[in-house]
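Trainee: I would like to learn how to read the features of a model like this one. Could we take them in turn, with the general idea before the case?

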Amino acid sequence: MTVDAVQKTGKTVDEAVSEALKELGIGREDAEIEVLEEGSRGFLGVFGAKDAVVKVKKKFDPEKTAKVFLKEMFIAMGLIVNIETKLKDKQLEIKISGDDMGVIIGKRGQTLDSIQYLVNLVVNKGTAPYISVTLDTENYRERRKETLETLAYNLAKKAKHTGKNVVLEPMNPYERRIIHSALQNDRYVTTYSEGEEPYRYVVIALKERNREKRN
């Protein structure tokens, strides 16, 4: 089991810190150090002497944490993958590249979404502020967004033409938001979600006043 923090004693603070860093396998620049007891030499360096006590823990690095987790996962999957990360305003963007990216994407991005969910859990397991993680490969997210927006526009036309509700296939929350956003300014149709996860889906329907005009 990985240890993230230790408490150590020593004749001096530096000695205690060195022991802690050695056990954690990190450098001072990667550590948060809390001195619990300064320690003292006592009378003549013998009587009443007290050891220094420190608590040292690894600094939380979301980018490094995500990379280590993903590398171990991909090695277990037998994949050689390049991982690039960018952290800005509590938004962690991860881009992966390599061979067999179709395996990582999965059917309709389901595998990619599952991996993204796991990275979110790993990065946010500590007490640090919540960090939103987006995982992408081969620009899949943007391509999928464009596909869903085109689908939304075409099905909205169908709803207007037939006057009947159009029910889409089940989608994850991220994809449903794309559909809702694409049609939010349409004067003639409205969208809403129905069903329970993971089978929740979007319905495209005529707005009531437009439905009345057709009758």
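Trainee: Which strands form the open sheet, and in what order?

Mentor: In general, strands of a sheet pair through backbone hydrogen bonds, either parallel or antiparallel. This is a predicted model. Here, three strands make an open sheet, ordered β1-β3-β2, with antiparallel pairing. The edge strands are β1 and β2, each of which pairs on one side only. On average, neighbouring strands of this sheet are turned by 25° against each other, direction ignored.

Trainee: How many bridges join β1 to β3, and how many join β2 to β3?

Mentor: Six bridges connect β1, residues 5–10, with β3, residues 52–58, and the two run antiparallel. Within that pairing, Gly-10 has Ala-52 in β3 as its bridge partner. Strand β2, residues 31–37, is also joined to β3 by six bridges, again antiparallel. There, Lys-55 in β3 stands opposite Glu-34.

Trainee: What should I keep in mind about side chains when I look along one of these strands?

Mentor: The general rule is that in a regular strand the side chains alternate between the two faces of the sheet.

Trainee: Which helix lies across β1, β2 and β3, and at what angle does it run to β1?

Mentor: That is helix α1, residues 13–24, which runs at about 145° to β1.

Trainee: Let us turn to the other pairings. Which strands are joined to β9?

Mentor: Strand β7, residues 166–167, is joined to β9 by two bridges, and the two run antiparallel. In this pair, Val-203 in β9 stands opposite Val-167. Strand β8 pairs with β9 over six bridges, also in the antiparallel sense. One of its residues, Val-189, has Leu-206 in β9 as its bridge partner.

Trainee: Is β9 largely enclosed or open, and why?

Mentor: Strand β9 is largely enclosed by the rest of the structure, because five of its six residues are buried.

Trainee: Where does Val-166 lie, and is this residue buried or exposed?

Mentor: Val-166 belongs to strand β7. Its relative accessible area is 8%, so Val-166 is buried, the cut-off being under 20%. Leaving out residues up to four places away in sequence, Val-166 touches Leu-155, Lys-158, Ala-159, Val-202, Val-203 and Ile-204. The C-alpha atoms of Val-166 and Ala-205 are separated by 6.5 Å, although these residues are 39 residues apart along the chain.

Trainee: Which residues other than glycine have a positive phi?

Mentor: Two cases can be named, Arg-108 and Asn-139. Arg-108 has a phi of about 50° and sits in the loop between α3 (101–105) and α4. With a relative accessible area of 41%, Arg-108 is partly exposed. For Asn-139, phi is near 55°, and its place is in the loop between β6 and α5. Asn-139 is partly exposed too, its relative accessible area being 46%.

Trainee: How do I describe a pocket, and how much space lies in the second largest pocket?

Mentor: Give the volume, then the residues and elements of the lining. The second largest pocket holds about 470 Å³ of space. Its lining has 20 residues, and those closest to the centre are Asp-113, Met-171, Asn-172, Pro-173 and Glu-175. Two or more residues of the lining come from each of α4 (110–123), β6 (132–137), α5 (140–162) and α6 (173–183).

Trainee: Which element gives the largest share of that lining, and how do its residues divide by type?

Mentor: Helix α4 gives the largest share, five residues. By type, the lining of the second largest pocket has seven nonpolar, five polar and eight charged residues.

Key: Residues are numbered from 1 along each chain as its sequence is written. This is a predicted model: local features need pLDDT of at least 70, side-chain atom pairs count only at pLDDT 80 or more; totals for chains, interfaces and linings use all residues. Side-chain values use heavy atoms; hydrogens and water are left out. Two strands pair if DSSP finds at least two bridges between them. Helices (H or I, at least four residues) and strands (E, at least two) are DSSP runs, numbered from the N terminus. Axes are lines fitted to C-alpha atoms, for helices over the stretch in contact, and angles run from 0 to 180 degrees between N-to-C directions. Contact means heavy atoms within 4.5 Å. On a 1 Å grid over the protein atoms alone, a cavity is a set of points where a 1.4 Å probe fits but cannot get out, and a pocket is an open set with protein on both sides within 12 Å along at least five of seven lines; lining residues have an atom within 4 Å of a point. Grid points are joined across faces, edges and corners, and a volume is the space filled by probe spheres set on the points. Ala, Val, Leu, Ile, Met, Phe, Trp, Tyr, Cys and Pro count as nonpolar, Asp, Glu, Lys and Arg as charged, and the others, Gly among them, as polar. Buried means under 20% relative accessible area, exposed over 50%, partly exposed in between (1.4 Å probe, protein chains only).
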